[in-house]
Number of protein chains: 2
Amino acid sequence: MSLPAKVKIVEVSPRDGLQNEKDFIATGIKVELVDRLSAAGFPNIEAASFVSPKWVPQMADGAEVMQGIRRRPGTIYSVLTPNLRGFEGALAAKADEVVIFGAASEAFSQRNINCTIAESIARFEPVAAAAKQAGVRLRGSISCALGCPYQGEVPIESVVDVARRLLALGCDEIDVADTIGVGTATRVRQVMDAVTKVVDPSRVSGHFHDTYGQSLANILAAMEAGISIFHTSVAGLGGCPYAKGATGNVATEDVLYMMDGLGVNTGVDLNEVVDIGMWISSRIGRKTSSRAGNALAARRAA
Amino acid sequence: MSLPAKVKIVEVSPRDGLQNEKDFIATGIKVELVDRLSAAGFPNIEAASFVSPKWVPQMADGAEVMQGIRRRPGTIYSVLTPNLRGFEGALAAKADEVVIFGAASEAFSQRNINCTIAESIARFEPVAAAAKQAGVRLRGSISCALGCPYQGEVPIESVVDVARRLLALGCDEIDVADTIGVGTATRVRQVMDAVTKVVDPSRVSGHFHDTYGQSLANILAAMEAGISIFHTSVAGLGGCPYAKGATGNVATEDVLYMMDGLGVNTGVDLNEVVDIGMWISSRIGRKTSSRAGNALAARRAA
């Protein structure tokens, strides 16, 4: 197997992991989560979303979170910015990176934002221009890259087309996101092979959900395609709105356990992350979805 | 990725999945489980264990289970036989295959059966000879092949040594079993590469546990090493005595979902297996550990 010597783990739990929690999570808990993740060594943390509180009430305190955290030198703090207003908030909050997004599925784009894929990306032009002008890193996320809850299969060419558009907007990094977790390894390999023909592999990330338990196999396949950036969420926080009760983002602990075993350097301390997973799970009243986290905690207790 | 066109899935839930359940499961439920798995198309089912009921009370009704099931032509019904007495029971019960086993870890062997690895395998000589004489298929299982709860790392040479001994006893198939689920993909690849130097790859199987969530990645790595037989357990039945509360055998549904996605033929109907997983989980009062099973059931309900 041809694997990278080093990967960058982007911890998305403060944003993607928590955003669908129904009960509002106190700002202090969010700040502590980000601070603990920083201390564990993550090079990139998706810390907040500057989206309308009407859409995502859980993320209404993005500015307070960004103000409350202690920044670790070397860590990139990213925030989601759906529009220019969000970008201005992100800039005021001194975000290191802003994230824009578009689906690779026409059906998803039409049903969720009532426009074509091309239109949805074009809407981000002002945000992208403002980010470039402000010298803020720009990341572009391609959702439904491995499948769509409405149209099912998503053509690889659609994913590549969105990647090209995001690249044209000036994105420094591009996420290939399996939003609903339906992808399997061969398809992941094919999608990554196609995307890395138009974007340098060092700038492409893989974002996988464990809805069908496929994430680690998919990460392995993506690494074999030259991908070395992966999004993970401690304790597997984050569900799937299209499969009620299903698991969400791939658990950081499971990914770190694999990377440690493979001898792939992450710069992150798995033991600290196991603690963080147990802590945040108990704070929000959930059981961890991380198998490695659960097993390592059980081993300690024994 | 170089993948086999076809894999054989050995369903181990009736034996490995249920054996550690505390409350005795009625024989009728065990029989129904095997029958449903047969109907779903599994080519090989580990149906029972002919072990002393003092050791494993849950498996005390092995003879009744074997008598009660309806045999599907083409399906191999395997049973575990720790000694000659067990073998005689298995023969009387018309098992198609008997399974013998040994750990690749000296510490495990000493602590569990108070003898060396070599002695533990030698004890199976009478069983192996009897199986050969009776014309019954013989399978040999190498436990702790990826790690040991007592000694930690297990040398690859120990795994190969046990494989050689099992082969010398006449085993038709040899299982490389990650009993405690600690292995990761690169190590799996290395172990499989080494074992397949002494045993033809078509006769080697991979038996993985999801204790640390690594099973699908490990199966993918094993397939790339030429392995095309895998053990799975519906709903992920079977825990891990060395990590309380941890998940057990890799869930059949998750593996079938992956194989279907990869275009690897299994001959088994995933939808039927999702039903079986939900049914057996409710019968024994557990939640399914299968992520694909859970998501597919949720999708149906929606």
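Biologist: Which way does α4(A) pass α7(A), in a right-handed or a left-handed crossing?
Modeller: In this predicted model, the crossing of α4(A) past α7(A) is right-handed.

Biologist: Which residues make that contact?
Modeller: From α4(A), L84(A), F87(A) and L91(A) take part. The α7(A) side supplies P126(A), V127(A), A130(A), A131(A) and A134(A).

Biologist: And by class, how many are nonpolar, polar or charged?
Modeller: Eight are nonpolar, and the contact of α4(A) with α7(A) has no polar and no charged residues.

Biologist: What about the geometry: at what angle do the axes cross, and within what distance do they come?
Modeller: The axes of α4 (residues 84–92) and α7 (residues 125–134) of chain A cross at roughly 25 degrees and come within 9 Å. Angles under 35 degrees count as roughly parallel, so that label applies to α4(A) and α7(A).

Biologist: Switching to chain B. At what angle do α8(B) and α9(B) cross?
Modeller: Roughly 40 degrees, with the axes of α8 (residues 156–168) and α9 (residues 185–195) of chain B coming within 9 Å. That makes the pair oblique.

Biologist: Which hand is that crossing?
Modeller: Right-handed, for α8(B) and α9(B).

Biologist: Who is in the contact there?
Modeller: I156(B), V159(B), V160(B) and A163(B) come from α8(B). R187(B), Q190(B), V191(B), A194(B) and V195(B) come from α9(B). By class, the contact of α8(B) with α9(B) has seven nonpolar residues, one polar and one charged.

Biologist: Back to chain A as a whole. How many helices and strands?
Modeller: Chain A has 13 helices and eight strands. Its radius of gyration is 18 Å, close to the 19 Å from the globule rule for 302 residues, so chain A is as compact as a globular protein of that length.

Biologist: What does the C-alpha trace span?
Modeller: About 55 × 45 × 35 Å along the principal axes of chain A.

Biologist: How much of chain A is buried?
Modeller: Buried residues are 62% of the 302 in chain A.

Biologist: And what share of the contacts is between residues 24 or more positions apart?
Modeller: 74%, taken over the contacts in chain A with a separation of 6 or more.

Biologist: One residue, then. Where is D210(A)?
Modeller: D210(A) sits in the loop between β7 (204–208) and α10 (215–224) of chain A.

Biologist: Is it that D210(A) counts as buried or exposed, and why?
Modeller: Buried, because the relative accessibility of D210(A) is 5%, and the cut-off for buried is under 20%.

Biologist: What does D210(A) touch?
Modeller: Leaving out residues up to four places away in sequence, D210(A) touches S215(A), T247(A), G248(A), N249(A), V250(A) and R291(B).

Notes:
Residues are numbered from 1 along each chain as its sequence is written. Chains are lettered from A and ligands numbered from 1 in the order in which they are written. This is a predicted model: local features need pLDDT of at least 70, side-chain atom pairs count only at pLDDT 80 or more; totals for chains, interfaces and linings use all residues. Side-chain values use heavy atoms; hydrogens and water are left out. Axes are lines fitted to C-alpha atoms, for helices over the stretch in contact, and angles run from 0 to 180 degrees between N-to-C directions. Helices (H or I, at least four residues) and strands (E, at least two) are DSSP runs, numbered from the N terminus. Angles under 35 degrees count as roughly parallel, over 145 as roughly antiparallel, 65 to 115 as roughly perpendicular and the rest as oblique. A crossing is left-handed if the near helix is turned anticlockwise from the far one by less than a right angle, and right-handed if clockwise. Contact means heavy atoms within 4.5 Å. Ala, Val, Leu, Ile, Met, Phe, Trp, Tyr, Cys and Pro count as nonpolar, Asp, Glu, Lys and Arg as charged, and the others, Gly among them, as polar. The radius of gyration is taken over C-alpha atoms; the globule rule is 2.2 Å times the number of residues to the power 0.38. Buried means under 20% relative accessible area, exposed over 50%, partly exposed in between (1.4 Å probe, protein chains only).
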